[in-house]
Amino acid sequence: MMKKVIGKLEEFLEWGGTKRKVVCLALSGVALLISIFDLLPLPFDAAWVAILLCGVPILLEAIIGLITSFDIKADVLVSLALVASVLIGEDFAAGEVAFIMQLGALLEDLTVAKARAGIEKLVHLTPQTARIVSGEEERIIPAEQVQVGEILRVLPGESIPVDGVVLSGQTSVNQAVMTGESLPVDKAPGDAVSSGTVNQFGAFDMRATKVGEDSSIQRMIRLVQSADAGKAKIVGIADRWATWIVVIALASAALTWWLTGEIIRAVTILVVFCPCALVLATPTAIMAAIGNATKHGFLVREGDALERLAAVRKVAFDKTGTLTHGAPRVVKVECCTAEYTEPALYALTAAAELRSEHPLGKAVVQCYRAREGTIPQPEDFEMLPGRGVRAHVMGKAILAGNRALLIERGVALDRAAEQRAEASLSQGCTVIYVAVDGQLAGLIALADTLREESAEMIGRVESLGVQPVLLTGDHESAARAIAGQLRITQVHAGCLPQDKLDWIGRYQQAGQPVCMVGDGINDAPALKKANVGIAMGGVGSDIAVDAADIALVDDEVRELPHLLALARRMMTTIKCNLTFSMALNFVAIVLAMTGVLNPVVGALVHNAGSVLVIVNSAFLLGWKKKWKASRG
């Protein structure tokens with residue numbers, strides 16, 4: 001019976017949500033003005049409107065907390081002060097205290113996280129069907145019915161339904177969902193493929209090796225769920241100290257009543273000891289800081305994210321799309337024969353790639369157009385999945401692709417060319433080999449280039465005493481090349497989602513709170529696991545944004561140091577607010593004990609303290625750190 005009653009009370013308190021609180025506060029504010037200035041001739045004190053609308057929910061929450069788990073929070077002391085004030089006829093004091101406390105509760109509600117849908121979106125990424133091959137027959141079945149060992153066929157543009165090994169065919173697979181790599185990976189017989197990744201060009205047959213709950217995409221979903229469940233939430237400071245506040249207030253009130261025999265002094269102590277300013281100290285500062293962060297392009301999705309961010313000692317960055325632009329660009333054109341100049345070789349390659357759908361081919365075309373303009377039209381064109389392209393340009397036969405393509409077509413690769421290619425690969429580049437009329441003509445090196453602001457941003461992060469870490473799914477050479485340019489010393493390359501999760505867990509176990517900054521679906525588990533997750537909202541996937549506590553809407557990573565500094569400034573403001581509010585409470589108690597304050601004046605005094613706390617927090621709205629000259 002008691003459980004049913006409590007359940008009904010909880011439903012009543014949740015009814016209407018934030019909108020109900022706003023309406024109740026508006027009506028209560030008007031009622032308190034009417035009460036204090038006696039604006040209307042009412043048969044009752046207008047403060048009773050505030051007592052009923054704002055005070056009753058507080059009283060019910062305190063009762064539910066005590067009955068269900070003997071949980072002593074700030075609302076217990078507030079309830080005692082309300083009841084005591086009403087019993088001795090100090091209705092305005094009761095209404096004012098209830099109003100301030102509900103205002104604090106509303107501000108806390110406004111900083112609570114929005115509902116997330118990241119896991120549902122991951123579920124939607126899971127392939128729904130699979131194409132089973134049996135002899136000459138093909139049939140489509142639900143993906144969850146695929147058995148280990150069955151042969152599947154995957155056509156261009158389809159998601160791979162289960163984990164497996166390629167049996168026949170050549171293709172390129174977009175693995176960003178798992179590794180975050182910006183470029184598709186060529187696949188040939190014997191290579192492994194993962195569920196949820198996308199086949200881009202050629203059709204291929206594969207044998208299923210991991211199906212159902214064992215597949216990569218399902219493991220990703222479980223990682224996100226487990227990481228979110230393990231993230232601790234910060235408890236409000238007023239509730240954390242509530243037990244001691246209640247004990248001290250009751251002891252002071254009882255002692256004063258016993259010594260003076262005046263119950264009004266005891267009630268005044270309960271009123272002035274109500275932690276209104278204490279309750280407002282944190283949410284007002286958080287709201288102001290969130291407003292400041294919004295002006296700098298950050299969408300703060302978790303109310304306590306900035307509190308956690310202030311304690312961060314490491315920032316883990318994904319590479320592709322976060323520190324870099326996330327798209328390949330031509331960084332080097334090298335000729336391997338005197339017959340062609342670099343501009344001529346570049347033009348022939350761009351023309352051969354003009355009709356290519358491969359991201360590398362598109363990058364060559366885009367970069368050539370930006371630099372040179374018009375591209376000659378190829379006379380014919382053939383896409384070679386998993387290898388490159390073949391075309392005729394101005395009467396010349398062009399092959400542009402990977403090393404395997406040239407070897408298959410009988411093009412000789414000399415040692416000097418191999419060394420040049422290896423040098424580019426060691427710098428994190430992807431190399432396109434170019435042959436003209438059956439002879440190696442040169443190399444085109446492409447790389448994902450750094451954002452212009454990344455170096456300065458990393459320098460400012462370090463100036464705050466926070467260590468940058470690179471966590472990327474890219475190859476070791478690419479990761480080391482980028483880290484070297486940014487002077488990042490801690491680098492972990494070739495990371496799958498589980499690896500990123502493990503590294504963050506190790507740092508946390510070592511007592512080093514971590515902030516994760518990423519943009520891809522593969523970053524979602526790490527964004528959830530980290531003490532604070534920041535997603536690139538512009539170029540990032542919506543799943544990464546849903547998994548994060550904070551989204552950087554315009555992708556201006558240069559603003560990240562400001563956010564870190566703002567979080568620390570916010571915590572300084574909160575500590576100042578708490579110190580001031582507690583000091584004011586103790587001074588007011590002394591005055592209440594000596595009879596200087598009555599309940600109404602006491603309520604106004606600690607109300608003034610609440611206003612000062614709000615004003616101090618408001619300074620955060622326009623705060624901006626002045627940076628010293630960054631490193632060269």
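Okay, so let's start with the charges: searching the whole structure turns up 16 salt bridges, where a salt bridge is a side-chain nitrogen of Lys or Arg within 4 Å of a carboxyl oxygen of Asp or Glu. Before I go on, this is a predicted model, so local features need pLDDT of at least 70, side-chain atom pairs count only at pLDDT 80 or more, and totals for chains, interfaces and linings use all residues. Residues are numbered from 1 along each chain as its sequence is written, and side-chain values use heavy atoms, with hydrogens and water left out.

Take glutamate 158 and arginine 131. Their side chains form a salt bridge, at 2.4 Å from N to O. Glutamate 158 sits in the loop between strand S3 (151-154) and strand S4 (163-168), while arginine 131 is in strand S1 (residues 129-134), so this pair ties together parts 27 residues apart in sequence.

Buried or exposed? For arginine 131, the answer is buried, at 18% relative accessible area. Glutamate 158 is partly exposed, at 24%. The cut-offs are under 20% for buried, over 50% for exposed, and partly exposed in between, with a 1.4 Å probe and protein chains only.

Asp205 takes us to the strands. S4 and strand S9 (residues 204-210) run antiparallel, joined by 5 bridges, and serine 168 has aspartate 205 as its bridge partner in S9. S4 also pairs with strand S7 (residues 192-193), again antiparallel, over 2 bridges; there, glycine 164 stands opposite valine 193. Pairing means DSSP finds at least two bridges between the strands.

Aspartate 380 and arginine 390 have their closest N and O atoms 3.5 Å apart. Aspartate 380 is in strand S13 (residues 380-384) and arginine 390 in strand S14 (residues 388-393), so that one ties together parts 10 residues apart in sequence. Then there's glutamate 456 with arginine 460, at 3.4 Å between the closest N and O atoms. Both of those are in helix H19 (residues 454-463), 4 residues apart, or about one turn of the helix. Glutamate 456 is partly exposed at 34% relative accessibility, and arginine 460 is too, at 22%.

Now the greasy side of things. Which residues touch the most other members of the largest nonpolar core? Out of its 88 residues, they are Leu306, Leu309, Val315, Phe317, Leu323, Ile550 and Met570. Helix H24 (residues 560-593) gives this core its largest share, 14 residues. By nonpolar core I mean buried Ala, Val, Leu, Ile, Met, Phe, Trp, Tyr and Cys residues joined through side-chain atoms within 4.5 Å. Apart from that core lies another one of 30 residues, including Val330 and Ile432.

Last stop, the surface. There's a nonpolar patch of about 1,000 Å², and among its residues are Leu33, Phe37, Phe44, Trp48 and Leu604. Patch residues have over 30% relative accessible area and no salt bridge; like charges are joined within 9 Å, nonpolar side chains (Val, Leu, Ile, Met, Phe, Trp, Tyr) within 5 Å. Areas are Shrake-Rupley with a 1.4 Å probe, and for residues only the protein chains shown count as cover. Helices H2 (17-37) and H3 (47-69) each supply at least two of the patch residues. Where is phenylalanine 44? In the loop between H2 and H3, and at 45% relative accessibility it counts as partly exposed.
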